[in-house]
Amino acid sequence: MNRLIRAELFKIRASRVTWILVGLAPPLCVLWAGLMVALAEPAGATGPQIENVYNMAQQSYVFALVLGVLGVAGEYRHQTITWQFLVTPVRSRVITAKLAAYGIVGLLVGLLSALVTLLAGLAMLGLAGHPAWTPQVPLVLLGSVFSVAVYGLLGVGLGALIRNQVAAVAVALAWFMYADYLLTMLLPGLGRWLPTGAARALGGMHLQDAELLPVWAGGLLFAGYVVVTVLAARLLTLRRDVT
């Protein structure tokens with residue numbers, strides 16, 4: 001299993017797309033953090049507003065998600081998955097190795113985003129004359145790191161479920177960036193139970209018009225979505241023919 005995981009990590013490092021997506025993550029987080037600072041109360045940011053600034057480290061989720069999707073669907077597109085299954089006939093080991101590798105990559109993307117967002121948040125809040133820290137900030141950053149890693153796992157599951165690379169990326173982005181977001185905004189009672197609501201709860205985000213689950217409950221619910229997706233993907237992967 002260690003060899004399979006190392007092979008997956010090598011493939012991830014060798015792909016130019018990986019470095020492009022990882023390189024785009026910090027600027028996006030800084031942009032969102034700056035927007036949160038701009039929306040803070042002029043008289044001084046409140047505790048939830050300060051924590052939302054650092055929660056923007058979670059915005060790098062989209063890159064971990066796309067990397068996870070491409071890690072499986074991309075191999076189906078280029079038919080490299082065929083050779084992988086020939087070398088490792090036990091397909092469940094291949095999927096497990098991909099989950100481990102993209103979980104590690106998601107953690108690294110989350111850590112990088114959290115570090116950059118922390119430094120940018122401290123600087124921007126300080127320059128704007130706002131308080132720059134609350135005791136909850138470390139937990140917010142930690143929850144954001146784990147949520148980004150979990151999105152990477154979810155991407156692997158989606159990539160295994162939808163083998164067409166373009167369709168898999170389109171479905172993932174359409175759901176997590178638009179449909180899930182809009183449902184959370186329009187139906188907050190339902191939205192707190194959706195994947196995006198669970199991820200926001202894990203990252204300690206504060207919404208003005210909706211109440212999210214506690215951090216621990218959000219983490220468990222988000223993990224549950226990943227487990228269901230991965231189990232479905234493994235079942236289909238074991239049954240499908242490859243060429």
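**Walking through the helices**

Me: Where is Met-185 found?

Reply: Met-185 is in helix H8, which covers residues 165-186. Keep in mind that this is a predicted model.

Me: Got it. Is Met-185 buried, exposed or partly exposed?

Reply: Partly exposed, as its relative accessible area is 38%.

Me: Staying with H8, how do the axes of H4 and H8 cross?

Reply: They cross at roughly 160 degrees and come within 8 Å. H4 is therefore roughly antiparallel to H8. The crossing of H4 past H8 is right-handed.

Me: Which residues make that contact?

Reply: From H4 you have Tyr-61, Val-62, Leu-65, Val-66, Val-69, Leu-70, Ala-73, Gly-74 and Arg-77. H8 brings in Gln-165, Ala-168, Val-169, Ala-172, Leu-173, Phe-176 and Met-177.

Me: Nice. Let's jump to the start of the chain. How many residues does H1 have, and how far does it reach?

Reply: H1 runs over residues 2-14, so 13 residues by the DSSP assignment. From first C-alpha to last, H1 reaches 18 Å, close to the 18 Å expected at 1.5 Å a residue.

Me: Which residues of H1 are buried?

Reply: Leu-4, Ile-5, Glu-8 and Ile-12. Looking down the H1 axis, the buried residues sit within an arc of 100 degrees, so they line one face of the helix.

Me: And what's on the other side of H1?

Reply: That's where you find Asn-2, Arg-3, Arg-6, Phe-10 and Ala-14, which are exposed.

Me: What do the buried residues of H1 pack against?

Reply: Four helices: H2 (16-38), H4 (61-77), H5 (80-87) and H6 (91-127).

Me: Tell me about H6, then. At what angle do H1 and H6 pack?

Reply: About 55 degrees, and their axes are 8 Å apart. That angle means H1 is oblique to H6. The crossing of the two is right-handed.

Me: While we're on H6, is Val-94 buried or exposed?

Reply: Val-94, which lies in H6, is buried, with a relative accessible area of 0%. Setting aside residues up to four places away in sequence, Val-94 touches Gln-84, Phe-85 and Thr-88. Gln-84 is ten residues from Val-94 in sequence, with 7.7 Å between their C-alpha atoms.

Me: Okay, new topic. Where is Arg-234, and what does it touch beyond four places in sequence?

Reply: Arg-234 is in helix H11, residues 215-239. Beyond those sequence neighbours, Arg-234 touches Ser-92, Ile-95 and Thr-96. Arg-93 is 141 residues from Arg-234 in sequence, yet their C-alpha atoms are 9.9 Å apart.

Me: How accessible is Arg-234?

Reply: Its relative accessibility is 29%, so Arg-234 counts as partly exposed.

Me: Last one: how many residues of H3 are buried?

Reply: Seven of the nine, so by the 20% cut-off H3 (residues 47-55) is mostly covered. The buried ones are Gln-49, Ile-50, Glu-51, Asn-52, Val-53, Tyr-54 and Asn-55.

Me: What do the buried residues of H3 pack against?

Reply: H2, H6, helix H7 (137-161) and helix H10 (195-202).

Me: And Gln-49 in particular, what does it touch, again skipping residues up to four places away?

Reply: Gln-49 touches Leu-39, Ala-40, Glu-41 and Gly-44. The C-alpha atoms of Gln-49 and Leu-39 are 8.5 Å apart, and the two residues are ten apart along the chain.

Me: Great, thanks for the tour!

Notes: Residues numbered from 1 in each chain as written. Predicted model: local features only at pLDDT ≥ 70, side-chain atom pairs only at ≥ 80, totals over all residues. Heavy atoms only, no water. Expected span 1.5 Å × (residues − 1). Buried < 20%, exposed > 50% of the residue type's maximum accessible area, 1.4 Å probe, protein only. Arc of directions from axis to C-beta. Contact = heavy atoms within 4.5 Å. Axes fitted to C-alpha atoms, helices over the stretch in contact; angles between N-to-C directions. Parallel < 35°, antiparallel > 145°, perpendicular 65-115°, else oblique. Left-handed = near helix turned anticlockwise from the far one by under 90°.
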